[in-house]
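The stops below can be selected in order.

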Amino acid sequence: MDDRYLKLLAKEYPTIDCVASEMVNLSAIRSLPKGTEYFFSDLHGEYEAFLHMLKSASGIIKKKIDLVFGKTVSNAERELLASLIYYPEKEIKELSDQDLTTDEWKRLTIYRLILVCESVSAKYTRSRVRKRVSKDLVYILDELLNVTDDVNKDFYYDEIINTIIDTGLDETFIISLCRLIQSLSIDRLHIIGDIYDRGPRADIIMDELMGMHDVDIQWGNHDISWIGAASGNQALIANVIRIAMRYNNFDILEDGYGLNLRALAVFAAEAYKEDDCQLYYPNTLDDNIYDPVDAALVAKMHKAITVIQLKLEGQLMEKYPEWEMQERSLFRRICVSDRTVDIEGKTCRLKDCFFPTVEAENPLVLSDGERELMTVLTNSFLHSEKLHRHIRFLLSKGSMYQICNQNLLFHGCIPMDENGELQSVQINGKKFSGKNHLDKLDEIVNRAYFSSEHTEEKEFARDFLWYLWCGPKSPLYGKDKMAFFERYYIEDKEFQGERYNDYYLFSQKASVCEDILQMFGIDAQRGHIINGHVPVKIKNGESPVKADGKLFVIDGGISKAYQKATGIAGYTLIYDSHSLSLAEHKPFISGKSNQTPTIQLVEKLESRANISDTDKGVEILEKISDLRELLKAYKSGEIKEEIKER
């Protein structure tokens with residue numbers, strides 16, 4: 001082993017006793033049960049529903065309460081205890097307003113919370129639990145959670161709890177206990193893409209994720225759209241705004257990220273003052289709380305940014321012929337006088353043909369007003385401090401795919417052709433497919449944001465993010481086209497169809513999933529693929545478990561926009577030390593806390609999984625090996641111990 005590495009390690013463990021103690025500690029940790037992993041997908045800004053899933057650990061906290069108190073406490077009281085754990089401040093206030101927070105209630109509640117906390121913390125070391133407790137309460141909680149003298153246990157509890165109440169610490173203590181139970185219930189969080197768009201406040205979700213102790217993100221195409229917008233890609237800036245207009249989501253733009261839309265409102269009101277813009281009225285799933293805007297003005301803003309987006313996208317398609325998307329530059333094929341457009345060799349009637357900013361000779365060129373507007377909007381995106389804080393987090397914790405504990409996580413697909421072969425994609429003159437393709441795209445995404453301005457590398461990578469958003473061979477999009485032009489302007493639904501990549505057909509076979517797992521270096525017998533992106537229409541008999549249990553598709557419709565199609569309100573995949581389970585969620589109702597999902601066991605492990613069976617266990621074993629080498633170096637005198645006089 002490199003002497004320089006051992007000397008660095010010796011600074012952290014300066015004596016033989018320190019090394020030996022850490023080796024014992026790490027060996028003990030490896031023998032503990034693995035922590036519980038939670039997998040979510042396609043959150044789409046639905047912050048209230050998602051935060052409830054986190055606070056309740058997707059129903060697992062209620063399950064723990066039932067296990068601890070199922071035979072001694074009524075179901076109604078167990079529901080109240082669960083609600084308190086999820087929303088402690090709110091529940092305490094409501095009870096206080098009714099004069100129900102008596103000393104007896106406080107004493108009983110703290111005692112019950114301690115028992116629940118003991119249950120959820122059983123698989124952790126004491127030091128790990130202490131790290132998740134506020135410093136002021138570490139000693140008290142450590143004492144209460146680790147009483148070993150059964151004879152005096154009740155007396156010991158009573159003395160400490162009475163003192164907590166007498167000193168007025170009870171409310172703070174109860175809230176801290178509830179927060180600790182929430183934190184300990186989720187060991188690791190995986191987000192399988194699409195945090196942004198459609199729902200009202202993805203920024204609130206991002207704030208919550210930034211406070212989590214262990215989280216990773218696999219980008220979805222909607223996340224890439226926001227990364228591209230923050231990088232200065234004007235087509236994606238227009239796209240982000242258009243989707244917000246479509247769903248009436250002004251709060252995330254203006255209140256969440258401080259993006260100034262006044263210039264868009266002024267431009268749209270003037271450019272489309274003679275147009276009622278009926279086709280562009282928003283699909284309101286959520287009301288704006290902070291920035292209510294007149295619907296007629298929203299419709300004009302929506303149309304203005306849509307036209308700009310179509311022009312900018314057409315420019316990109318023609319700039320990069322290797323993307324083979326020129327036929328999707330549909331503004332180039334519009335005949336304003338006839339109200340028609342040529343699509344796939346057919347002439348289609350347009351629902352709207354009032355485009356005062358479109359030049360007949362040069363339909364893709366922005367007007368002077370549009371160009372000035374995009375300059376203002378681009379500067380707003382480039383200078384939003386909170387947006388860039390979130391995007392940097394999305395990049396630091398995110399990737400095209402993640403391998404964790406023999407599971408392969410990615411949002412969309414591994415592009416395949418009609419024969420089930422990996423689809424080859426040419427990028428800068430080189431061909432990529434499968435794992436190599438995803439690795440290359442990971443590199444491009446980071447370059448788009450972090451490369452120096454005014455360089456060819458930055459320009460290409462930033463442009464390419466638009467292809468990742470909607471390109472036919474993008475593993476994040478996974479369809480032959482994005483038919484948003486057809487949905488806006490063509491009545492005939494025949495042209496609105498989007499064909500999924502052949503991956504979605506071939507991945508139904510276990511053998512294909514096993515081949516993909518092997519390509520990523522995963523044990524095909526133990527491993528699983530976990531995807532989002534495609535809503536599972538359970539009401540039509542579809543199942544999230546596919547390919548004989550090798551593939552999980554966990555987009556169940558957390559987004560309100562999909563719930564009519566799916567019939568439910570999202571899935572959580574839960575992987576604990578005993579099993580893999582799916583929590584099937586009901587539509588979230590704000591203010592109602594007892595919305596426990598249905599939890600279904602999908603795979604029972606042959607034996608209980610310990611940390612030694614996980615990726616973390618492998619890392620710990622490697623560290624133990626390094627410490628063993630340091631121990632030898634100390635004993636041989638190769639490295640000197642740090643000896644301090646008593």
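This is a predicted model: local features need pLDDT of at least 70, side-chain atom pairs count only at pLDDT 80 or more; totals for chains, interfaces and linings use all residues.

**Stop 1: helices 20 and 21**

Select residues 434-450, which form helix 20, and residues 456-470, which form helix 21. Their axes lie 8 Å apart, and the two helices pack at an angle of about 120°. Helix 20 and helix 21 are therefore oblique to each other. The crossing of helix 20 past helix 21 is left-handed.

Now show the side chains where the two meet. Helix 20 contributes Leu441, Ile444, Val445, Arg447, Ala448, Tyr449 and Phe450. On helix 21 the partners are Glu457, Lys458, Phe460, Ala461, Arg462, Phe464, Leu465 and Leu468. Coloured by type, the residues of this contact comprise 11 nonpolar and 4 charged, with no polar ones.

Pick out alanine 461, which sits in helix 21. Is alanine 461 buried or exposed? Its relative accessibility is 3%, so alanine 461 counts as buried. Apart from neighbours within four places in sequence, alanine 461 touches Ile444, Arg447 and Ala448. For a distance across the model, draw a line from alanine 461 to lysine 123: the C-alpha atoms are 44 Å apart, and the two residues are separated by 338 residues in sequence.

**Stop 2: serine 433**

Move to serine 433, in the loop between strand 11 (430-432) and helix 20. Serine 433 has a relative accessible area of 27% and is partly exposed. Beyond neighbours within four places in sequence, its contacts are Leu422, Gln423 and Ser424.

**Stop 3: asparagine 501**

Next select asparagine 501, in the loop that runs between helix 22 (484-489) and helix 23 (503-506). With a relative accessible area of 7%, asparagine 501 is buried. Which residues are in contact with asparagine 501, leaving aside its neighbours within four places in sequence? They are Cys413, Ile414, Pro415, Met416, Gln423, Gly478 and Lys479.

**Stop 4: helices 14 and 18**

Select residues 234-246 for helix 14 and 368-382 for helix 18. Here the axes come within 10 Å and cross at roughly 85°. That makes helix 14 and helix 18 roughly perpendicular to each other. From helix 14, Gln234, Ile237, Ala238, Val240 and Ile241 take part in the contact, and from helix 18, Met374, Thr375, Leu377, Thr378 and Phe381. By type, this contact has 7 nonpolar residues, 3 polar and no charged.

**Stop 5: two positive phi values**

Most residues other than glycine have a negative phi. Asparagine 248, in the loop between helix 14 and helix 15 (250-256), has a positive phi of about 60°. Asparagine 248 is buried, at a relative accessible area of 10%. Serine 58 also has a positive phi, near 50°. Look for serine 58 in the loop between helix 3 (47-56) and helix 4 (60-69); its relative accessible area is 0%, and serine 58 is buried.

**Stop 6: helix 7**

Finish with residues 103-121, which make up helix 7. At 1.5 Å a residue, its 19 residues should span 27 Å, and the end C-alpha atoms are 26 Å apart, which agrees. The buried residues of helix 7 include Ile110, Leu113, Ile114, Leu115 and Val116. Lys106 and Arg112 are also among the buried residues.

Key. Residues are numbered from 1 along each chain as its sequence is written. Side-chain values use heavy atoms; hydrogens and water are left out. Axes are lines fitted to C-alpha atoms, for helices over the stretch in contact, and angles run from 0 to 180 degrees between N-to-C directions. Helices (H or I, at least four residues) and strands (E, at least two) are DSSP runs, numbered from the N terminus. Angles under 35 degrees count as roughly parallel, over 145 as roughly antiparallel, 65 to 115 as roughly perpendicular and the rest as oblique. A crossing is left-handed if the near helix is turned anticlockwise from the far one by less than a right angle, and right-handed if clockwise. Contact means heavy atoms within 4.5 Å. Ala, Val, Leu, Ile, Met, Phe, Trp, Tyr, Cys and Pro count as nonpolar, Asp, Glu, Lys and Arg as charged, and the others, Gly among them, as polar. The expected span of a helix is 1.5 Å times one less than its number of residues. Buried means under 20% relative accessible area, exposed over 50%, partly exposed in between (1.4 Å probe, protein chains only).
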